Amino acid sequence: MAVYTKISRKDITLINKKFSVENFISFKGIKQGIENTNYLLKSKNNKVILTSFEKRVLKKEITFCMKLMDQLNSIGINCPKPLKNNNGKYLIKIKNKAACIVSFLTGKEKKELSLRNCY
């Protein structure tokens, strides 16, 4: 997967205005992924993931997934926690595409999964 939606410093400034979090000071495209564009955003003390949804997904499906991740996170399941913007919504617009920000999880991708991993 390539980084299809290119963002700029100006886009980061707009994102900073939409969320009540520490300002993001750097960003880097993430080449891994299936079909969406992802960026690692860094502030002085935090990292998050920005996802721009490229295609084949409905807004209501994205919102469902954001709510599910939020609920799973609240009961202690280790998954990304979606951030709500200043309007209390999970989704924002970037370059006319739906986008969201979720918490960063440390670790690395698994190349091969086992039943234990699935559990």
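Mentor: A residue is called buried when its relative accessible area is under 20%, exposed when it is over 50%, and partly exposed in between, with a 1.4 Å probe and with protein chains only taken into account. This is a predicted model, in which local features need pLDDT of at least 70 and side-chain atom pairs count only at pLDDT 80 or more, while totals for chains, interfaces and linings use all residues. Residues are numbered from 1 along each chain as its sequence is written, and side-chain values use heavy atoms, with hydrogens and water left out.

Helices (H or I, at least four residues) and strands (E, at least two) are DSSP runs numbered from the N terminus; the chain has three helices and five strands, arranged along the sequence as α-β-β-β-α-β-β-α. Of its 119 residues, 34% are buried. Contact here means heavy atoms within 4.5 Å, and among the contacts with a separation of 6 or more, 48% are between residues 24 or more positions apart.

Thr5 counts as buried because its relative accessibility is 4%. Apart from neighbours within four places in sequence, Thr5 is in contact with Thr37, Tyr39, Ser52, Glu54, Ile94, Lys95 and Lys97.

Two of these partners are also joined to Thr5 by polar contacts, that is, pairs of N or O atoms within 3.5 Å, where within protein one must be able to donate a hydrogen and the other to accept it, and where residues adjacent in sequence count only if both atoms are side-chain atoms. The side chain of Thr5 makes a polar contact of 2.6 Å with the side chain of Glu54, and another, of 2.9 Å, with the side chain of Lys97.

Glu54 belongs to the loop between strand 3 (47–52) and helix 2, and it is buried because its relative accessible area is 18%. The side chain of Glu54 is joined to that of Thr37 as well, by a polar contact of 2.6 Å, and Thr37 is itself among the residues in contact with Thr5.

On another side of the sequence, Lys95 lies in the loop between strand 4 and strand 5 (97–103). At 45% relative accessibility, Lys95 is partly exposed, and it has a positive phi of about 50° although it is not a glycine. Asn96, which is found in the loop between strand 4 and strand 5, also has a positive phi, of about 65°, without being a glycine. With a relative accessible area of 73%, Asn96 is exposed.

As a last point for orientation, look at Tyr90, in the loop between helix 2 (59–74) and strand 4 (92–94). At 10% relative accessibility, Tyr90 is buried, and its side chain makes a polar contact of 2.8 Å with the side chain of Asp70. Leaving out neighbours within four places in sequence, the residues in contact with Tyr90 include Met66, Pro82, Leu83 and Cys100.
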